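Me: I would like to go through this structure in questions and answers, starting with a loop and moving on to helices and rings.

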Amino acid sequence: MIAIITSKSCPVGNNVKNNLLNLYNFTETEKFENNPIYTLKQNKNIKLYTINQIHIRAENLHEKIKADLFIFVSTHRSEKQVNSLSVHSIGNWNKAELGGLNEKLVPVNSNYLKELFLDLEKNNNLDYETIIEATHHGPYNEKPCLFIEIGSSEKQWRDQKAGEIIAKTIISVLTRKVNQYKSLIIFGGTHYNQLAVKVLKETEYSIGHICPKHNIENLTEDSIKQAFEKTIPMPEFAIIDWKSLNSEQRNNLIKKLDSLKIKWKRDKDLFSK
């Protein structure tokens with residue numbers, strides 16, 4: 001079962017939920033936290049939930065909802081207030097300041113992440129950037145999770161056209177058999193990860209977790225292992241955004257990867273012909 005999760009207090013969740021219910025044939029079947037659960041008539045494996053708390057605080061939702069994949073629909077905030085449609089994996093490389101657990105990553109299905117991103121890119125006919133964010137924030141969960149978001153201020157969150165794009169993208173991907181890709185992990189780069197965008201658009205690889213350069217100092221061997229073990233399918237190697245890191249950062253990272261016997265490549269090697 002696939003659970004689409006919206007929050008009662010989230011303007012993007014309410015926006016996308018209304019679009020889903022208006023555009024597709026959902027029927028009310030049960031209740032969760034006293035809110036209706038809607039089941040997609042054409043595919044009863046897809047259910048739409050509304051939770052009472054904000055997404056990043058909805059810890060251990062897998063204990064209450066027996067789903068194989070959780071798609072959280074959420075707001076994205078940015079100081080620069082860039083119009084954006086985004087997807088990302090979740091978990092914390094360091095302290096859990098926005099939900100989740102300290103130094104704990106959450107499973108991610110990289111095949112769905114890639115196809116959600118590519119469909120967002122294809123469907124995005126607005127003045128919005130289609131972006132991939134690095135792994136960050138909660139909630140902690142033990143089943144594969146993805147966040148799909150509209151950024152980054154009240155105007156965009158309530159934009160019905162953006163909500164329609166998110167709704168159509170979700171249903172398009174969830175109602176088909178997704179392709180099976182080889183996957184990888186990214187170390188380095190910025191939070192809005194341009195290397196990830198390039199990998200998803202120009203290669204046959206999908207991406208699980210992304211550790212941006214500002215978290216490289218906090219990276220432990222355990223969190224590297226988690227990044228590999230909690231990505232579906234298991235990544236073939238790590239790719240390093242070489243120029244984004246200084247020599248000390250690269251050497252420390254490579255030492256950890258080699259200690260764990262994890263294969264790695266420089267970003268340019270992935271694209272060299």
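**Peptide bonds, packing and rings**

Reply: This is a predicted model. In it, P233 lies in the loop between β12 (231-232) and β13 (237-240).

Me: Which residue does a cis peptide bond join to G138?

Reply: The residue sits in the loop between β8 (129-132) and β9 (145-152). Omega of the bond is about 15 degrees, and the residue joined to G138 is P139.

Me: What is the phi of N34, and is N34 buried or exposed?

Reply: N34 is placed in the loop between β2 and β3 (35-40). Its phi is positive, about 65 degrees, although N34 is not a glycine. Most residues other than glycine have a negative phi. Exposed means over 50% relative accessible area, and N34 has 66%, so N34 is exposed.

Me: Where does K261 lie, and what is its relative accessibility?

Reply: K261 is not a glycine, yet its phi is positive at about 60 degrees. K261 lies in the loop between α7 (247-259) and β14 (264-266). It counts as exposed, because its relative accessibility is 77%.

Me: At what angle do helix α1 and helix α4 pack, and how far apart are their axes?

Reply: Two packed helices are described by the angle between their axes and the distance between the axes. For α1 (residues 11-23) and α4 (residues 160-174), the angle is about 60 degrees and the axes are 8 Å apart.

Me: Which residues make the contact of α1 and α4, and how many of them are nonpolar?

Reply: The α1 side contributes N15, V16, N19, L20 and L23. The α4 side contributes Q160, G163, E164, I166, A167, K168, I170 and I171. By class, this contact has two charged residues, four polar and seven nonpolar.

Me: Is the crossing of α1 and α4 left-handed or right-handed?

Reply: The crossing belongs to the helices whose axes are 8 Å apart. Its hand is right-handed.

Me: How many aromatic pairs are there, and is the pair of F32 and Y49 stacked or edge-to-face?

Reply: The count comes to five aromatic pairs. In the pair of F32 and Y49, the centres are 5.6 Å apart and the planes are at 85 degrees. Planes over 60 degrees apart count as edge-to-face, so the pair of F32 and Y49 is edge-to-face.

Me: Which strands does the pair of F32 and Y49 link, and are both residues buried or exposed?

Reply: F32 is in strand β2 (residues 26-32) and Y49 in strand β4 (residues 46-51), so the pair, 17 residues apart, links distant parts of the chain. Both F32 and Y49 are buried.

Me: Which residues do ring pairs link into a cluster?

Reply: F70 and F72 form a stacked pair, 6.3 Å centre to centre with 20 degrees between the planes. F70 is buried at a relative accessible area of 0%, and F72 is buried at 0%. Ring pairs link into a cluster F70, F72 and F147.

Me: Over which ring does the charged end of K265 sit, and over which face does K198 lie?

Reply: K265 has its charged end 4.5 Å from the centre of the ring of F237. K198 is at 4.3 Å from a ring centre, over the face of F271.

Me: Is Y112 buried or exposed, and with which residues is it in contact?

Reply: Y112 is found in helix α2 (residues 110-123). Buried means under 20% relative accessible area, and Y112 is at 15%, so Y112 counts as buried. Leaving aside neighbours within four places in sequence, Y112 is in contact with I2, L69, L146, V173, L174 and V178.

Me: With which residues is N218 in contact, beyond its neighbours within four places in sequence?

Reply: N218 is in the loop between β11 (205-211) and α6 (221-229). With a relative accessible area of 25%, N218 is partly exposed. Beyond its neighbours within four places in sequence, N218 is in contact with W93 and N94.

Notes:
Residues are numbered from 1 along each chain as its sequence is written. This is a predicted model: local features need pLDDT of at least 70, side-chain atom pairs count only at pLDDT 80 or more; totals for chains, interfaces and linings use all residues. Side-chain values use heavy atoms; hydrogens and water are left out. Axes are lines fitted to C-alpha atoms, for helices over the stretch in contact, and angles run from 0 to 180 degrees between N-to-C directions. Helices (H or I, at least four residues) and strands (E, at least two) are DSSP runs, numbered from the N terminus. A crossing is left-handed if the near helix is turned anticlockwise from the far one by less than a right angle, and right-handed if clockwise. Contact means heavy atoms within 4.5 Å. Ala, Val, Leu, Ile, Met, Phe, Trp, Tyr, Cys and Pro count as nonpolar, Asp, Glu, Lys and Arg as charged, and the others, Gly among them, as polar. Rings of Phe, Tyr and Trp (its six-membered ring) pair if their centres lie within 6.5 Å; planes under 30 degrees apart count as stacked, over 60 as edge-to-face and the rest as tilted. Buried means under 20% relative accessible area, exposed over 50%, partly exposed in between (1.4 Å probe, protein chains only). A charge sits over a ring if NZ of Lys or CZ of Arg is within 6 Å of the ring centre and within 35 degrees of the ring normal.
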